[in-house]
Structures are given as C-alpha cells and as structure tokens.
Amino acid sequence: MKKNILRPTLLLLASLGIASVTLQGCNKGKPAAETTTNTAENASMNIKTETFGKTKEGTEVQVYTLTNQQGVQVKITNYGATVTSIITPDKNGQAGDVVLGFDNVEGYQSDAFLKSGPYFGAIVGRYGNRIAKGKFTLDGNTYTLATNNGENHLHGGNKGFDKVIWTAKPMPEQNALQLTYVSKDGEEGYPGTLTTTVVYTLTPDNELKIDYTATTDKATPINLTNHSYFNLAAGRAPDALGHLLMLQADRYTVVNASLIPTGELRSVAGTAMDFTKPTAIGTRLAQVEGGYDHNYVLTGANNSSKLAATVYEPTSGRYMEVFTTEPGIQFYSGNFLDGSLTGKGNTNYKQHYGFCLETQHFPDSPNQPEFPTTILRPGETYKTSTSYKFSVKDQVPTQ
Ligand code: GLA
C-alpha cells in the first residue's frame, strides 16, 4: 500500500506546491507518505484558513483547505458553505481540479453568476429544487415563498443558503469543517427558525463526506443538498459528455414544462433516461428535451447510506462514487451553462461543461402527499448524509 500511494502523492503534492504544508501539518510532523494507518490520531490534519476576499456587502469571508494523506485537497468557503475546488490525482498521479468554481468570492457574486444562477458547489436550502408556485399548505396554514424561477420557488429563494455567510469551525482531529447557519422565522417565506449544521469531512480514503443536521422551532419543509458541478477530466476534455454515468435508479419523477413533478414515477427502461448501466452522458442527451434535469428515485431507499451513482471519465481514469441516505438524486447535465462564466484556471464554462448529482428528497414534496415527507417538526432532528468518493480505474467498470 505504501508503494501504491507514495508516487502519486508526491507527484500531486509537488505539482500543487503544497508539499511542505501537508508534510508539516499531518501527524505531528511525520511525513504524510509514511502514514498508512487510519486511526483517529493519524487522521488529525492541518486545516489551512485563508481569506477568500470581501463580499459586496464588505464582509471578509474565508476559504478552508482540507488535505488528506493521499494529497487530495478540498477547498470550502463559508460563503454559501460552498465547495470551490476538489483536487484529485488522475491514473498517472497528475493532480487536477474536478469541480467548477472560482478563486474568490467575487466570482460567486458577479452579475453574470447571479444572472445565470448555477449555484456552483453551494449548499442549497432551505429547500433544494422547486416548490410549485412558491406555495404550500402545512397544518392548515398556507405559506407563500419567494418565487425566483418563473412562477416557482427554486433552491431556497432569492437569498438561499448558497448566498449567506455560514459560521465555520475547523475540526482538525476529524479532518473536517463544520458550518452552521441560523435561518430566521419567515426567511424567504419559510416558517420557523431553522438551525442547520453541515460537516464536510475528507477521509483518508478520498471520500468527501457531507453530514447535514437541522432543528426547527416550527414545522417547516427542508431539503438540503450540495450543488457541485463535476468534470473529472479536469480541463482535458471540451465538456463532460464523455463521462460514463451509472444511476442506481429504475424510475424518475416525471415533470411538467416548468420542471414541477406531475406525481408520476416512470420507469426508465428502454428510454434515454436509463442509466442503470454505465452510459456516456452525451449518448442520448439530444433525445431529452432541454437535457437531463430530472430527479431519479433511488432503489433501496431506506434512510441508510447506499450507492446512488458512479461516474467514470475514460481519459483521466478518474472514478467517482456517490453514496447517500436520501431517496432521490437530481441529475442535471449543466444545460443552462452558456459560456457566460469563466472560472478557475481561466476555464470557460460552456453548456454541459459540468454536471450535478444532487442527492435530495423529491422536488415539490410539500405539495405532493405521495412523496416521502420533507417536513421537519420541533423536537425532531433532520439528519442526512452524502459522500463523493474519488479513485482511479484503468478501464470502464463493468457493473
Ligand atoms: C438544479 C435545477 C436546474 C437548475 C440548476 C441550477 O439542478 O434542477 O433546473 O436550476 O439547479 O442552475
């Protein structure tokens, strides 16, 4: 094992110019490359904190860097609890950034970004995805939410959890970053003061784990997810259409023209929606009007963590597995990216440059009694967990 990780680790660290930070930061000064056990003590890592610039409102925000013994590096800012960068090795040990984003907070507040609204890497909430006409009835009361997507409410409204500053607490013993946000009663129209905590943990085996918890003082809908856009080729392919995607789902929620579920769960069998076997995203994209932007119903959903999706990128050999406790996953093929944004490394984000796998409860659940409930009540704790695990493979996985 030592031999396997040593070369890619050093290549990666050297190419990132972070070797000295990482080697000093881990395990009380022991070189990272000598670390082969994953005890709690050995997992203690230095978490770097740097400025991410000032928001338009004049508040300085930070970016935190988690690094593990294999040189994988994840950056998260407390603006929107946003993942801004995930650096992983390819099959030759060369480092590359596999998510879309910007180098400073200005990028996330630019007019072009706010206009196109891609939510790169952010935690979206209080309710991820759409609520029809921004209305729902709960315990006999009708609530009206901000409408920011035509007549519908999308991703928490005008100022959702992606656009607020979270309170960050590095947890070096767990190699984790804890972020907390208190959403006020009435914010964007939602009932109840909701206290949300998101913990990002980078494990020794290259898994970025996201643990969500929340409590409320009034009954409220809640549906939290992370909105990262992946491109595992890390700049070496013109778009993400060659990625082979597998979704552990044999049904999806059918939507109307404004992307609100009709209530029907339809089989994917024999259609362009079928990703039960690894298939390139681009193969049948043209057959799906507007591109993929659908909630898939995960098989075996029972609140325990299960494999939801795998993605393989043939040129780099990068492989990503997604595990979640959630019943659904929104597969979005970056249809609204239009080249108006240029991010890290001067990369222009044209249509389908990245794709999202947003683990979630189903869209519009507060208006769909047949869907699993998204209502959190006082005294209960909302608890979900999702992880993205990175590795490399020589060939297309057969499963
Ligand atoms: C989700 C939605 C899409 C789009 C993106 C953000 O994936 O389902 O329709 O709004 O977020 O651009």
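Residues are numbered from 1 along each chain as its sequence is written, and side-chain values use heavy atoms, with hydrogens and water left out. In this predicted model, local features need pLDDT of at least 70 and side-chain atom pairs count only at pLDDT 80 or more, whereas totals for chains, interfaces and linings use all residues.

**Exercise 1.** Determine how strand β3 pairs with β2 and with β4.

*Solution.* 
Step 1. Strands (E, at least two residues) are DSSP runs, numbered from the N terminus.
Step 2. Two strands pair if DSSP finds at least two bridges between them. Strand β2 (residues 60-67) meets β3 through five bridges in the antiparallel sense, and Leu66 stands opposite Val74 of β3.
Step 3. The β2-β3 hairpin has five residues between its strands, and Gly71 in the turn shows a positive phi of about 80 degrees.
Step 4. β3 is also joined to strand β4 (residues 82-89), antiparallel, by five bridges. Here Val74 has Ile86 as its bridge partner in β4.
Step 5. Four residues lie between β3 and β4 in their hairpin, where Gly80 in the turn has a positive phi of about 70 degrees.

**Exercise 2.** Identify the edge strands of the open sheet of six strands.

*Solution.* 
Step 1. The strand order is β17-β26-β25-β22-β19-β20, with antiparallel pairing.
Step 2. β17 (229-230) and β20 (261-267) are the edge strands, because each pairs on one side only.
Step 3. Strand β19 (residues 249-255) runs antiparallel to β20, with four bridges joining them. Tyr252 stands opposite Arg266 in β20.

**Exercise 3.** Is Thr55 buried or exposed, and which residues does Thr55 touch?

*Solution.* 
Step 1. Thr55 lies in the loop between β1 (48-54) and β2.
Step 2. The relative accessible area of Thr55 is 4%, so Thr55 is buried.
Step 3. Contact means heavy atoms within 4.5 Å. Not counting residues up to four places away in sequence, Thr55 touches Val61, Tyr79, Val105, Gln109 and Ile165.
Step 4. Asn104 is 49 residues from Thr55 along the chain, and their C-alpha atoms are separated by 9.5 Å.

**Exercise 4.** Explain why Thr197 counts as buried, and list the contacts of Thr197.

*Solution.* 
Step 1. Thr197 belongs to strand β13 (residues 194-202).
Step 2. Thr197 counts as buried because its relative accessibility is 17%.
Step 3. Beyond residues up to four places away in sequence, Thr197 touches Gln178, Leu179, Thr180, Asp211, Tyr212 and Thr213.

Key. Buried < 20%, exposed > 50% of the residue type's maximum accessible area, 1.4 Å probe, protein only.
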